[in-house]
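Try each task on your own before reading its solution.

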Amino acid sequence: MSEPTDKMRSFLGERRHAVLATHDPNGGIHLTPIWFLFEDDHFYFASSSGSRKVKNIEQRTCSASVVVDAREPGRERWVSASGPIEILRVGEARSINARIRRRYLTPDALDGPIGTALAASDDITLKLAPTMWRSWTAPIVESPERWFLAVEA
């Protein structure tokens, strides 16, 4: 599919984690769990310019893939997208990265050492413009808990 559905957009608007895939120099795939912002059918990811994913994009490819999933028993679903990716820098990146941090951190964390450290290290933004989309949703069952093993703490 070439564009997301309204249900996919709604799902991607929730605060979830993503996994970003870029291409390594040896032809392998580098996977990175990452926070994201989804706006205007684009994904935005804050990152350090020294990270492996950024080096992969700068040196080997201008495309990437992402998957966002939900793992509630009986209500599992995922959305994935692939397409060209670009690096945003300076003021534009700073503004988007601040919005990403606000999406995931509490106000206290934003003003504390975690928010400060992330603001100092994440100096670029990766912008993924998907051209291909896929999704899957598990059927909803009346009592999903009876179909899944309990997780021991």
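Predicted model: local features only at pLDDT ≥ 70, side-chain atom pairs only at ≥ 80, totals over all residues.

Residues are numbered from 1 along each chain as its sequence is written, and side-chain values use heavy atoms, with hydrogens and water left out.

**Exercise 1. The fold**

Task: Work out how many helices and strands the protein chain has, and in what pattern they follow along the sequence.

Solution: 
- Step 1: Begin with the definition: helices (H or I, at least four residues) and strands (E, at least two) are DSSP runs, numbered from the N terminus.
- Step 2: Read along the sequence to get the pattern α-β-β-β-β-α-β-β-α-α-α-β-β.
- Step 3: Turn to burial, where buried means under 20% relative accessible area, exposed over 50%, and partly exposed in between (1.4 Å probe, protein chains only). Of the 153 residues of the chain, 39% count as buried.

**Exercise 2. The largest pocket**

Task: Find which residues line the largest pocket and which element gives the most to the lining.

Solution: 
- Step 1: Recall the idea behind the search: rolling a probe the size of a water molecule over the atoms shows where empty space is left.
- Step 2: Apply the cut-offs. On a 1 Å grid over the protein atoms alone, a pocket is an open set of points where a 1.4 Å probe fits, with protein on both sides within 12 Å along at least five of seven lines; lining residues have an atom within 4 Å of a point.
- Step 3: Take the volume, meaning the space filled by probe spheres set on the points, with grid points joined across faces, edges and corners. For the largest pocket this comes to about 160 Å³.
- Step 4: List the lining: T32, P33, I34, W35, A46, S47, S48, K53, I100, R101, L118 and D122.
- Step 5: Assign elements. β2 (29-34), β4 (42-47) and α3 (90-104) each supply at least two lining residues, and β2 gives the most, with three.
- Step 6: The lining divides into six nonpolar, three polar and three charged residues.

**Exercise 3. Salt bridges around E58**

Task: Identify which side chains form salt bridges with E58, and say where the partners sit.

Solution: 
- Step 1: Look at K55, whose side chain meets that of E58 at 4.0 Å, N to O. Because they are three residues apart in helix α2 (residues 52-59), about one helical turn separates them.
- Step 2: Look at R89, which meets E58 at 3.1 Å, N to O. This pair links distant parts of the chain, 31 residues apart: R89 is in the loop between β6 (77-88) and α3, and E58 is in helix α2.
- Step 3: Check accessibility. E58 is partly exposed at 39%, as K55 is at 34% and R89 at 42%.

**Exercise 4. Other charged contacts**

Task: Decide whether E14 and R16 are buried or partly exposed, and find which residues D6 is linked with in a network.

Solution: 
- Step 1: E14 and R16 form a salt bridge, with their closest N and O atoms 2.8 Å apart.
- Step 2: E14 is partly exposed, at 34% relative accessible area, whereas R16 is buried, at 17%.
- Step 3: D6 is linked with R9 and D41 in a network of salt bridges.

**Exercise 5. Aromatic rings**

Task: Determine how the rings of W35 and Y104 are arranged.

Solution: 
- Step 1: A pair of aromatic rings is described by the distance of the centres and the angle of the planes.
- Step 2: Rings of Phe, Tyr and Trp (its six-membered ring) pair if their centres lie within 6.5 Å; planes under 30 degrees apart count as stacked, over 60 as edge-to-face and the rest as tilted. The search finds six aromatic pairs.
- Step 3: The centres of W35 and Y104 are 4.8 Å apart and their planes lie at 5°, so this pair is stacked.

Conventions
Nonpolar A, V, L, I, M, F, W, Y, C, P; charged D, E, K, R; others polar.
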